[in-house]
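Q: Could we go through the aromatic contacts in this one together?

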Amino acid sequence: MKFKNFIGNERVINQLIALMDSGHFPHAVIIEGEQGLGKKTLARELAAALVCRGEERPCYECSQCKKAMGKIHPDIFEYVPSGTANSFHVDTVRDIINDAYMQPNEADFKVYILANAECMNASAQNALLKILEEPPAYAVFILTVTSKSALLSTVLSRSVTVALEGVNISEGAKYISSRNADIEFTQAEKTLETFNGNIGKAVDSLKDTRTAELVGVCNDICKALAGGNEYGILTACSAFQKDRQSIVFACDLLKNIFRDALTAGNGCEYISGQSESANLLKSRLSRQSLLRLVEACDDLKKTALMNVNNSLVITKICYSLRNACR
C-alpha cells in the first residue's frame, strides 16, 4: 500500500498496511494530529485502499479508486462539523448509523470519514458507540482529531489510533515544490522548518500572508515576555481577535519556540524555525519559567478548542504567559 497523495509518517503507514494485510482491518480508526499534517488526506487515501479492486491498494487505476479520488464513490461518505456551533449533531450520527446498516452499493466496504471528530459532543459519541460495539462486517469509520483526549474512553477502546507527525524537511520541501510551480524548493524548505515539517501549515504560510503575520505576532510575544513588557503582550495578542484558529496556531508555534529555548545552544535543531526568539528567551528567562510556558501553551490550546469567547481566551493568554514568567 503506497499513497501518492500522502508522504512521510512511514511508521503509521506500515501499521495500516499490516492491519489491512491481516484481513482484519479495524472497524474504527482514529487519525490524530495537529491541523495541516494531512489527517483528512490520509483518511481519503485509506478509504480508496479499502474499496480498491487492484492488486496493490490503492492502485489509482481501477474504477473504484477513480471514483474514490473523484469523491463520487457511493460507498465512501465524508462528514464535517456544521452549524453555528461547529459541531456534530447527534441526529447526524444517527443518520450515519442508519445508513451503515444498509449493504454497500458496489464495494466490499462502506467507509465513513468523520473529520474534526473532537467537535462531537458526548451524546453524539455515545450514539456512535452503539454501532462501534456491534458494527456490520463491512462498515469502517475513520475519525480525524487534533487530540484523542476529546473522545470518550469507550470510543477510544473500540478504535485503533494512529498519530501523525511532521515530515522530513527535505522530503516535504520536494513534495511542495513539485506540486506548486510558484514555490521554490529552498523557500519551501525554510518554511517547513518554521512549521516543524507540517506541510499544510507551510503551504498556507507560503500562499497566505495571514500565517506569516501570525509568526510575527508570536515573535512579538516572545520579545515582550523576554522584556517583561505586559502591555507588549496584550498589544500582540490583539491580533487573535480575528479568528479562533489563529489562537490554536499561535499556541503550537509558541510551544515550539519555548521548547527550542530550553535546548538552545546544545547543538539541537530549532524545531520552531525561530532561533532568534528562542535564544532571546533562553538568555532572559529561567528554565522553570520556560517549562511553565510550555505547559501554559497546552492549556491555552485546549481552552481555544472549547469554543470559548475569543476575548476571554485572549485575556487568559495574557495572564497565563505573564504568570508563567514570574
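This is a predicted model: local features need pLDDT of at least 70, side-chain atom pairs count only at pLDDT 80 or more; totals for chains, interfaces and linings use all residues.

Q: How are the rings of Tyr 112 and Phe 141 arranged?
A: Tyr 112 and Phe 141 are stacked, with 5.3 Å from centre to centre and 20° between the planes.

Q: And where in the chain do those two sit?
A: Tyr 112 belongs to strand β3 (residues 110–114) and Phe 141 to strand β4 (residues 139–145), so that the pair links parts of the chain that are distant, 29 residues apart.

Q: Is Tyr 112 buried or exposed, and why?
A: Tyr 112 is buried because its relative accessible area is 0%, and Phe 141 likewise counts as buried, at 0% relative accessibility.

Q: What about Phe 195 and Phe 249, how are they arranged?
A: Phe 195 and Phe 249 form a tilted pair, 5.5 Å centre to centre with 55° between the planes. This pair also links distant parts of the chain, with Phe 195 in the loop between α8 (185–194) and α9 (199–207) and Phe 249 in helix α12 (residues 244–263), 54 residues apart. Both Phe 195 and Phe 249 are buried.

Q: New topic: where does Lys 4 lie?
A: Lys 4 lies over the face of Tyr 60, at 4.5 Å from the ring centre.

Conventions
Residues are numbered from 1 along each chain as its sequence is written. Side-chain values use heavy atoms; hydrogens and water are left out. Rings of Phe, Tyr and Trp (its six-membered ring) pair if their centres lie within 6.5 Å; planes under 30 degrees apart count as stacked, over 60 as edge-to-face and the rest as tilted. Helices (H or I, at least four residues) and strands (E, at least two) are DSSP runs, numbered from the N terminus. Buried means under 20% relative accessible area, exposed over 50%, partly exposed in between (1.4 Å probe, protein chains only). A charge sits over a ring if NZ of Lys or CZ of Arg is within 6 Å of the ring centre and within 35 degrees of the ring normal.
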